[in-house]
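Let's take a walk through this model together, strand by strand and loop by loop. Please keep the sequence and the 3D view open as you read.

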Amino acid sequence: MNKRLFLFLPVLVILIFAGFLGLGLYQAQQTDDQGLIGKPIPDFYLKDLHNLQTQRSLQDLPKEAFVLNVWASWCTYCRQEFPLLHKLAGQGIKVVGINFADQRQAALNTLESLGNPYLFSLQDTRELTLQLGGNQAPQTFLVDKHGVIRAYHLGLMRELEWQRDFLPVLQQLK
């Protein structure tokens with residue numbers, strides 16, 4: 001019996017360590033806003049995903065509170081967010097996309113197959129996303145009518161996070 005316990009002990013230590021590591025990563029993902037709250041969206045000039053002849057800038061952003069969503073066709077979590085983004089758009093909330101480090105045709109195919117919840121999508125080769133403090137997708141920002149970030153979420157945005165972290169802030173902004 002002691003010999004079995006001795007053999008199982010390293011496995012148990014590894015499982016406990018992995019559990020703490022996973023919990024730490026999950027909590028960091030949920031709470032690390034990298035000091036973004038209260039900062040304005042950085043100035044940018046990026047092409048519109050649907051029309052490469054159109055250059056978009058800060059002046060094209062909605063003049064009311066809106067959701068800014070970093071997404072990519074290759075991102076599984078991004079695809080899982082689409083139903084929520086469609087729901088928000090259906091409620092009249094403007095959603096602007098930043099297509100991150102993606103192949104344009106793959107992004108267009110994704111929007112065609114999943115539907116397009118975005119007012120427009122910017123084609124970002126990483127410059128704007130990096131300025132926003134990240135290098136991954138998905139990321140979701142709630143931005144006020146002055147272009148200031150009021151809420152931020154890194155990772156999969158679900159109804160729970162929307163209701164808990166974004167909706168109260170959005171209601172205050174209206």
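Over the protein chain the pLDDT averages 88, and 80% of the residues score at least 70. Where pLDDT is low, the predicted coordinates should not be read in detail.

Now look at the partners of β6. Strand β3, which covers residues 66–71, runs antiparallel to β6 and is joined to it by 5 bridges. Within this pairing, Asn 69 sits opposite Thr 140. Strand β7, residues 149–154, also pairs with β6 in the antiparallel sense, over 5 bridges. There you can find Leu 142 opposite Ala 151. The hairpin of β6 and β7 has 5 residues between the strands, and Gly 147 in this hairpin takes a positive phi near 85 degrees.

The peptide bond from Ala 137 to Pro 138 is cis, with omega near -5 degrees. Pro 138 belongs to the loop between α4 (127–131) and β6.

Let's turn next to strand β1. This strand, residues 45–48, is joined by 3 bridges to strand β2, residues 55–57, and the two run antiparallel. Leu 46 faces Arg 56 of β2 across the pairing, and a hairpin of 6 residues connects β1 to β2. Strand β1 also pairs with β5, residues 121–124, again in the antiparallel sense, here over 2 bridges. In that pairing, Asp 48 stands opposite Leu 122.

Which residues other than glycine have a positive phi? Ala 101 is one of them, with phi near 45 degrees, and its place is the loop between β4 (94–100) and α3 (104–114). Arg 126 is another, with phi near 120 degrees, and it lies in the loop between β5 and α4. As for accessibility, Ala 101 counts as partly exposed at 26%, and Arg 126 counts as partly exposed at 40%.

We finish with helix α5, residues 159–173. How far apart should its ends be? At 1.5 Å a residue, its 15 residues should span 21 Å, and the end C-alpha atoms are 19 Å apart, which agrees. Even so, follow the axis as you go along: α5 bends by about 45 degrees at Phe 166, and Pro 168 follows within four residues. Phe 166 is also among the buried residues of α5, together with Glu 161, Trp 162, Val 169 and Leu 170. An α-helix has 3.6 residues a turn, so residues three or four places apart point the same way.

Methods: Residues are numbered from 1 along each chain as its sequence is written. This is a predicted model: local features need pLDDT of at least 70, side-chain atom pairs count only at pLDDT 80 or more; totals for chains, interfaces and linings use all residues. Side-chain values use heavy atoms; hydrogens and water are left out. Two strands pair if DSSP finds at least two bridges between them. Buried means under 20% relative accessible area, exposed over 50%, partly exposed in between (1.4 Å probe, protein chains only). The expected span of a helix is 1.5 Å times one less than its number of residues. The bend at a residue is the angle between axes fitted to the seven residues ending there and the seven starting there. pLDDT is the predictor's confidence in each residue, from 0 to 100.
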